[in-house]
Amino acid sequence: MTSDNVLNADGALIIGAGLAGLFCALKLAPRPVTVLSPKPLGMGASSAWAQGGVAAAVGEGDSAAAHARDTEIAGAGIVDIEVAEEVAAEAAARIEDLARWGTPFDRDADGNYRLSREAAHSMNRVVRVSGDRAGAAIMAALIDEVRKTPSIRIVEGVTAVDLMVADGRVTGVTCRKLGDRYLEPLFIRARATVLAAGGLGGLYAVTTNPPGVRGHAMGMAARAGALIADPEFVQFHPTAILTDRDPAPLATEALRGEGAILVNDLGERFMRDIHPDAELAPRDIVARANFRQIQAGRQVFLDTREVLGERILSAYPTVAGYCAEASIDPVTELIPVTPAAHYHMGGVKVDDMGRSSLPGLWVCGEASSTGLHGANRLASNSLLEAVVYGARIAEDISGLEPVRSNLAPFEGVGWDQQEGEALEERLRNHPAVQQLRRAMTDFVGVERDEQGLKRALRIIADLEENAEGVTRSFLNMTTSATLVAAAALKRTESRGGHFRIDYPDKDPDWRNHTLMTLAEARAIRAGA
Ligand SMILES: Cc1cc2nc3c(=O)[nH]c(=O)nc-3n(C[C@H](O)[C@H](O)[C@H](O)COP(=O)(O)OP(=O)(O)OC[C@H]3O[C@@H](n4cnc5c(N)ncnc54)[C@H](O)[C@@H]3O)c2cc1C
């Protein structure tokens with residue numbers, strides 16, 4: 001470490017600029033904070049791609065208790081009910097924060113929120129923007145607000161690789177920056193470090209997540225010694241649009257909430273035989289049904305024609321746009337769909353203030369495991385969790401002096417489009433990255449068994465030890481992959497997003513959270 005490449009965050013440091021990171025930064029103002037983003041703000045975050053919206057019991061006749069109860073039922077027996085009740089109770093206040101910062105939520109003529117229905121919610125409860133543009137609109141509003149806030153320093157073109165730990169306390173982060181010195185590390189010291197670098201869907205070959213969201217957050221924290229909770233619980237979305245695009249574009253569940261149905265290429269509406277709620281059954285059940293159809297050689301389609309007709313073009317412009325790119329006319333044609341890795345219920349274990357097991361490290365958003373989602377996230381609870389915990393962490397980080405003028409920008413660091421895109425392409429096409437993603441989809445996917453999970457663990461170990469030309473951040477990916485596969489091998493039952501063909505039932509003895517360190521996951525891997 002030379003003084004050249006050591007920078008000081010002058011306060012708190014937030015790793016990641018999705019909803020969790022930016023919301024926390026705004027809540028910290030006017031206390032100083034530095035936010036790291038590998039890409040320009042708004043790019044590369046799942047948050048900006050969210051379609052449905054934010055779950056909140058703000059409709060007439062709804063209550064936080066009912067929202068918490070639905071969350072608990074969806075979570076398949078391991079939701080921390082107190083967490084669910086508190087998060088549901090805080091929802092209305094956080095929605096008001098988002099509205100105050102400029103989010104143009106859909107409202108009726110009296111100013112009440114227009115609410116969508118999503119699977120496993122007992123009421124219309126999802127606060128939305130222009131039908132399916134919630135994530136993009138929320139992020140645009142927050143980015144505007146962040147840019148006007150002098151206490152927030154944004155650093156673009158920087159990827160965190162390792163957490164720095166001294167005497168058991170996290171003291172900042174080691175990064176790589178774009179530029180010809182990409183391989184030289186940059187050290188950023190901070191009094192408080194907030195990890196908000198998202199989930200791990202991109203570890204899978206078929207995913208709805210942006211390319212940079214590949215388990216770096218959980219991997220980095222686990223390598224630094226943080227305790228991880230429930231890593232085996234990955235949610236697969238049943239209706240990613242089947243095109244040749246990577247990542248796969250999403251067809252929001254709100255479409256099924258409106259009455260869109262799933263059919264196979266024989267025209268059979270198979271969900272009616274599987275669950276009383278048919279297409280609105282919990283996500284894991286619909287995803288598995290679609291998966292089994294495809295395994296049996298069928299194709300699966302979402303049919304919006306009768307229920308939406310031409311209205312899909314104006315009411316769901318994002319989905320209509322994805323269809324147009326793939327030359328599908330959803331007004332007259334079926335939309336081909338497939339299950340895709342979508343959301344990680346597990347992550348870095350945190351307490352009710354977002355504190356991890358490592359002093360000096362807070363974690364929020366999809367990178368964290370708060371106990372809210374249990375084995376299966378209730379739709380649209382993740383944006384809610386991101387804002388609730390982003391706010392709590394800001395409250396918990398005390399003792400930082402307010403600043404009234406702009407924090408000085410970091411010299412020599414920034415986004416370079418050509419280089420950034422070339423790097424992303426190199427990573428996407430790297431043989432080791434491709435093999436890792438294929439192994440996760442094939443053996444740690446919608447359905448799992450002992451043989452496949454052991455095979456995945458051996459592939460991950462081999463890639464970690466022998467792959468050529470990979471960067472340090474690849475180690476964060478293999479670390480996260482190891483945790484997911486090891487915990488999936490250990491949990492000899494099926495629950496929520498984790499389905500074992502060889503243990504297809506829920507087992508009451510497993511009605512608890514998985515708590516795992518990297519050392520344990522590696523020991524399981526060594527025995528595979
Ligand atoms: C297509 C899609 C639709 C969705 N729809 C909904 C919905 O309607 N409602 C809902 O509640 N949830 C939805 N979700 C889930 C939800 O969007 C995410 O769970 C949530 O946005 C996560 O927010 P976050 O801030 O934790 O992470 P993200 O928004 O993913 O942000 C992570 C940030 O960390 C950065 N980052 C990653 N690695 C590093 C690193 N090594 N160093 C520095 N920075 C890094 C990324 O570039 C990004 O800026 C959807 C997800 C997807 C993919």
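Trainee: Leaving aside its neighbours within four places in sequence, which residues is cysteine 24 in contact with?
Mentor: The model is a predicted one, and the contacts are therefore read with a C-beta cut-off of 7 Å. Leaving aside neighbours within four places in sequence, the residues in contact with cysteine 24 are Ile14, Val194, Ala196, Cys364, Gly390, Ile393 and Ala394.

Trainee: Which residues have the most contacts inside the largest nonpolar core, and which helix gives the most to this core?
Mentor: In soluble globular proteins, nonpolar side chains tend to be buried together. Here the largest nonpolar core has 171 residues, and those with the most contacts inside it are Ile14, Cys24, Val194, Leu195, Ala221 and Ala485. This core also draws at least three residues from each of domain 1 (234-341) and domain 2 (430-526). The helix that gives the most to this core, with 10 residues, is α15 (residues 472-490).

Trainee: How many of the 10 residues of α1 are buried, and which elements do the buried residues of α1 pack against?
Mentor: Nine of the 10 residues of α1 are buried, so this helix is largely enclosed by the rest of the structure. The buried residues are Leu19, Ala20, Gly21, Leu22, Phe23, Cys24, Ala25, Leu26 and Leu28. The elements that these buried residues pack against are β2 (12-15), β3, α4, β7 (152-156), β11 (192-195) and α11.

Trainee: Of the residues around the ligand, which come nearest, and which element gives the largest share of the shell?
Mentor: There are 43 residues around the ligand, and Gly16, Gly18, Gly52, Gly198 and Gly365 come nearest. Two or more residues of the shell come from each of α1 (19-28), β3 (33-37), α4 (134-147), β8 (158-166) and α11 (381-396). By class, the shell divides into 20 nonpolar, 21 polar and two charged residues. The largest share, four residues, comes from α11.

Trainee: What distance separates the centres of domain 1 and domain 2, and which element gives the most to the side of domain 1 that touches domain 2?
Mentor: Taken over C-alpha atoms, the centres of domain 1 and domain 2 are separated by 27 Å. Their contact takes eight residues from domain 1 and six residues from domain 2. On the side of domain 1 that touches domain 2, two or more residues come from each of β13 (234-241) and α7 (283-295). The element that gives the most to this side, with four residues, is α7.

Trainee: How many of the residues of β13 are buried, and what is the bridge partner of glutamine 235 in β16?
Mentor: Strand β13 is mostly covered, with eight of its eight residues buried. Six bridges join β13 to strand β16 (residues 335-344), and the two run antiparallel. Within β16, the bridge partner of glutamine 235 is tyrosine 343.

Trainee: Are the residues of β15 buried or exposed, and which residue in β16 stands opposite phenylalanine 301?
Mentor: In strand β15 (residues 300-303), Val300 and Leu302 point one way while Phe301 and Asp303 point the other way, and all are buried. Four bridges join β15 to strand β14 (residues 261-264) in an antiparallel arrangement, with isoleucine 261 standing opposite aspartate 303. Three bridges, again antiparallel, join β15 to β16. In β16, the residue opposite phenylalanine 301 is proline 336.

Trainee: Which residue does a cis peptide bond join to aspartate 246, and in which loop is proline 30 found?
Mentor: Most residues other than glycine have a negative phi, and most peptide bonds are trans. Aspartate 246 is joined by a cis peptide bond, with omega about 0°, to proline 247, which lies in the loop between β13 and α6 (254-257). The peptide bond from alanine 29 to proline 30 is also cis, with omega near 5°. Proline 30 is found in the loop between α1 and β3.

Trainee: Does aspartate 10 count as buried or partly exposed, and what is the class of serine 327, buried or exposed?
Mentor: Aspartate 10, in the loop between β1 (6-8) and β2, has a positive phi of about 55° although it is not a glycine. With 19 C-beta neighbours inside 10 Å, aspartate 10 counts as partly exposed. Serine 327, in the loop between α10 (317-325) and β16, has a positive phi near 55°. Because serine 327 has 8 C-beta neighbours inside 10 Å, its class is exposed.

Key: Residues are numbered from 1 along each chain as its sequence is written. This is a predicted model: local features need pLDDT of at least 70, side-chain atom pairs count only at pLDDT 80 or more; totals for chains, interfaces and linings use all residues. A residue is near a molecule or strand if its C-beta atom, placed from the backbone, lies within 6 Å of it. Ala, Val, Leu, Ile, Met, Phe, Trp, Tyr, Cys and Pro count as nonpolar, Asp, Glu, Lys and Arg as charged, and the others, Gly among them, as polar. Domain bounds come from an automatic or database domain assignment. Two residues are in contact if their C-beta atoms, placed from the backbone, lie within 7 Å. A nonpolar core is a set of buried Ala, Val, Leu, Ile, Met, Phe, Trp, Tyr and Cys residues joined through C-beta atoms within 7 Å. A residue is buried if 20 or more other C-beta atoms lie within 10 Å of its own, exposed if 12 or fewer, and partly exposed in between; C-beta atoms are placed from the backbone. Two strands pair if DSSP finds at least two bridges between them.
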